[in-house]
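My entries follow in the order in which I made them.

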Amino acid sequence: MPHFDFITTDIDRAVAALRAGGLVGLPTETVYGLAADASNDAAVDRIFSAKGRPRGHPLILHVADLDTAERCGVFSDVAHQLAARFWPGPMTLLVPRTSNVSDTVTGGRDSVGIRIPAHPVAAEVLRRHGGALAAPSANRFGEVSPTTAQHVVADLGGHLDPDLDLVLDGGPCAVGVESSIIDTTCSPVQLLRPGAVTADDLDTILASLAGPSGPSRAAGMMAAHYAPACAVHAVDHDGPLHSLVVDGVDLGAAHTRVLDLRDNHDVAARELYSHLRAADIDGIATVVILMPPATGLGAAIRDRVMKAAAGRQPPVG
Ligand code: TXA
Ligand code: MG
């Protein structure tokens, strides 16, 4: 395994690599991130090269605590309430940025995305690092997010610098889909990307607050895709598997696979990306996905499957 040396559990080595301007594959409870010291523009710039991501596409900041978050962004009352309820956890807040955050991170925007992850390894790296770490998901741009250290090396190993970069192994991610993104710079606040913090969770917090904020509005994030190489068909099907018919697809064909995500949302979210990656490795041409209802984490699963079904998009910019 030529890339084996990238993977480590040594947190000191990861913190030293970050200080030296290196990139670290960082386990979080959602997906693995590709982290760089947010105060080092040259290091942040290397994230875009490693991912093949267009510059100007904003990155999320990861911090250890609210004090550090408030050095990077300005928190409204609603933002404070959300942070108090859901951090550490799988939620990113978009807030107006402060002058401590560089244009390289925000792509020149006035807002910045911030999150305090709950994964103990990420929390310890952030605590020892002290400042903010910029980290998008650690996949090549437009492809499926990684939920294990091995996925990160498979995607990015050829684009990392073995003298500078490494992947911290924190085991498989517990949530398995990216954080919920909530834009708090508008009123009412908007759920831009569904995740383990759901629209219902958000509405419960908003309903408990006095003031003008009405219920949240969900919005899509069309720029992001989460696509494997195989074709993905999303199907709503209530009945038993043997009664499944999908127009134009031979369900019995050797290169077709059916993935039933209708039950147990937690397991479905945790395993979705591994299933999509396995389909590509196994040479599957078409995956038919039986969709969960849009309740709870089901909304996030449906969102990612629909993006996978839209297929790989040519890079923009
Ligand atoms: O769970 C997660 O959020 C993972 C882990 C590593 O924390 N990170 C992640 O980052 O999914 P990324 O870059 O793959 O997705 C973040 C999304 C991108 O679509 C980006 O455009 C959007 O958040 N975003 C970040 N900052 C933004 C801003 N200031 N305004 C609008 N969108 C922003
Ligand atoms: Mg991503």
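This is a predicted model: local features need pLDDT of at least 70, side-chain atom pairs count only at pLDDT 80 or more; totals for chains, interfaces and linings use all residues.

Residues are numbered from 1 along each chain as its sequence is written, chains are lettered from A and ligands numbered from 1 in the order in which they are written, and side-chain values use heavy atoms, with hydrogens and water left out.

**Between the domains.** I found 20 residues of domain 1 in contact with twelve residues of domain 2, contact being heavy atoms within 4.5 Å. The two domains bury about 1,300 Å² between them, and carbon and sulfur atoms give 57% of that area. Buried area here is the accessible area (1.4 Å probe) that two parts lose on being put together, summed over both. Of the area that domain 1 buries against domain 2, V144, V177 and P194 supply 39%, more than any other three residues.

I counted two salt bridges between domain 1 and domain 2; the term asks for a side-chain nitrogen of Lys or Arg within 4 Å of a carboxyl oxygen of Asp or Glu. E178 forms a salt bridge with R304, and their closest N and O atoms are 2.7 Å apart.

**Salt bridges overall.** The structure holds 14 salt bridges. I picked out D45 with R55, whose closest N and O atoms are 2.6 Å apart. D45 lies in helix α2 (residues 41-51) and R55 in the loop between α2 and β4 (60-62), so this pair ties together parts that are ten residues apart in sequence. Helices (H or I, at least four residues) and strands (E, at least two) are DSSP runs, numbered from the N terminus.

**Aromatic rings.** I found one aromatic pair in the structure. The ring centres of F75 and W87 are 6.0 Å apart and the planes stand at 65°, so the pair is edge-to-face. For the term, rings of Phe, Tyr and Trp (its six-membered ring) pair if their centres lie within 6.5 Å; planes under 30 degrees apart count as stacked, over 60 as edge-to-face and the rest as tilted. F75 is in the loop between α3 (66-72) and α4 (77-86) and W87 in the loop between α4 and β5 (91-96), so the pair ties together parts twelve residues apart in sequence.

**Backbone.** Which peptide bonds are cis? I noted the one from W87 to P88, with omega near -5°, and the one from S187 to P188, with omega near -5°. P88 is in the loop between α4 and β5, and P188 is in the loop between β9 (180-183) and β10 (190-193). I also noted N264, a residue other than glycine with a positive phi, near 50°. N264 is placed in the loop between β13 (256-260) and α9 (265-281).
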